[in-house]
Amino acid sequence: MGFDRRFTLGLAAWIAGLFIALLALLLALQTPDLAVARIVAALIVAAVGWGLWRHVERTNIMVARFVEALHFGDITTRFDGRGGVGFGTLSKALDDAMHALRTQRDAGMRELRFLEALVDDVPVALLTVDDEHGVRQVNKAARRLFGHGKGTRPEDYAGYGATFAARLARAGEAGQEVLILRLPAGPQRAIVRTGALDRLGLQVRAITVEPVQGALDAVEMAAQTDLVRVLTHEILNSLTPVTSLAGTAAALLDTDPPDIESARTAMTTLARRAEGLRHFIDSYRAVAKPPEVNARTFAAAPFAHELGRLFAAEWPAVKLTIDVALDVTLQADPDLLAQVLINLLRNAAQATSEAGRIGQVRLSIERRVGGGTLIEVADNGPGVPEAVRKDVFLPFFTTRAAGTGVGLNLVRQIVVAHGGSIDLIDSDEGAVFRILL
């Protein structure tokens, strides 16, 4: 660096000057009758020594000022480059460093202001809880939801619900739950999520509160509309032949003489249709009862191959490929999960058989990146028409003449009860059901 070279040359010049002045002083001291020369030589030594000390000391002072300015966060300091060899370069280097620090600080402050505005304007209420500050409302959504000045103790929020206040007071726990909050507009369900973080050695819990009553009401109304639509369709389909057969039987009995045999046939058919309607209602009762999950950890490979043997006994003409590694484990209720996969495998086999082709079905189980398990059931059947894909998990919706429309809805109920999700995904051939646990 130019400063290093100039400072070294300047320092060497001062040292050389001091050495020469000392030699001159020694020579004057050893030579008689040079009293004036001795005084002059001593003054020169003093002057050169002072200049050397000043050269080194000023450098130290400039560097010390730079370090002190950094220590106190003063990055507006300027440095004087006058007064010696190399000091112009040194002051420019220090000024440039200060300018770079100011630029970085300004950029950091702009980013901080953006993040503060983002947190303040995010539409989800955010609270923080720590031992030093207690409960703090971090953003506008929190202040709108809970009002200003609600206090800093968890018990100050007991008016919104004892469970919510207990959640604020419960240290060391992270997770998500749905709570009922008593708000001025009335009780509302809200998703409360809790996370933990460390802020300068202080343990802080961040809690988000997201009222979802409106969204849940909309979803519930949509689900009720879909359910009523499907139920109406299925019940009318069953009642129409019942009404017709009842009228036919009455007409046969009103003839003279009554046609008893034909009426008996009509009544027998009517009884079968009534039994079918009763079975439909029983199926509805089964759908309305949520499954109870008794989860445990078990090996996926033997579980999948046992399903393969059951599938082969029922569908010997359909080829089933099982793709699962030996070290994969599942955390689920094995009986309920078996019911899920048996339903999906049976649907896949029926789809390939109805398409009139050599059936091929694939069952794969693998670990997900980041945790969890991915399960897929795929077939080479005709697939599910796009127009009805959104309805396949609705209760009693079916595209098969002999179907009940219960199986896939029960499958979805069981998967959701495990905390997972199931989707019918796009495929170039056939249908692919994907389960994420």
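Which residues form one aromatic cluster? In this predicted model, where local features need pLDDT of at least 70 and side-chain atom pairs count only at pLDDT 80 or more, totals for chains, interfaces and linings use all residues. Residues are numbered from 1 along each chain as its sequence is written, and side-chain values use heavy atoms, with hydrogens and water left out.

The cluster consists of F146, Y157, Y160 and F164. The structure holds 6 aromatic pairs, a pair being Phe, Tyr or Trp rings (for Trp, the six-membered ring) with centres within 6.5 Å, classed as stacked with planes under 30 degrees apart, edge-to-face over 60 and tilted for the rest. The ring centres of F146 and F164 lie 5.4 Å apart with planes at 10 degrees, so this pair is stacked. Because F146 belongs to helix α4 (residues 140–146) and F164 to helix α5, the pair ties together parts that are 18 residues apart in sequence; helices (H or I, at least four residues) and strands (E, at least two) are DSSP runs numbered from the N terminus. F146 counts as buried at 1% relative accessibility, and F164 is likewise buried, with a relative accessible area of 1%, where buried means under 20%, exposed over 50% and partly exposed in between (1.4 Å probe, protein chains only).

An open sheet is formed by 5 strands in the order β2-β1-β5-β4-β3, with antiparallel pairing, for which DSSP must find at least two bridges between two strands. Strands β2 (134–137) and β3 (175–183) stand at the edges, each with a single partner strand, so one side of each is left without a neighbour in the sheet. β3 and β4 (residues 186–199) pair in the antiparallel sense over 9 bridges, and E177 stands opposite V192 in β4.
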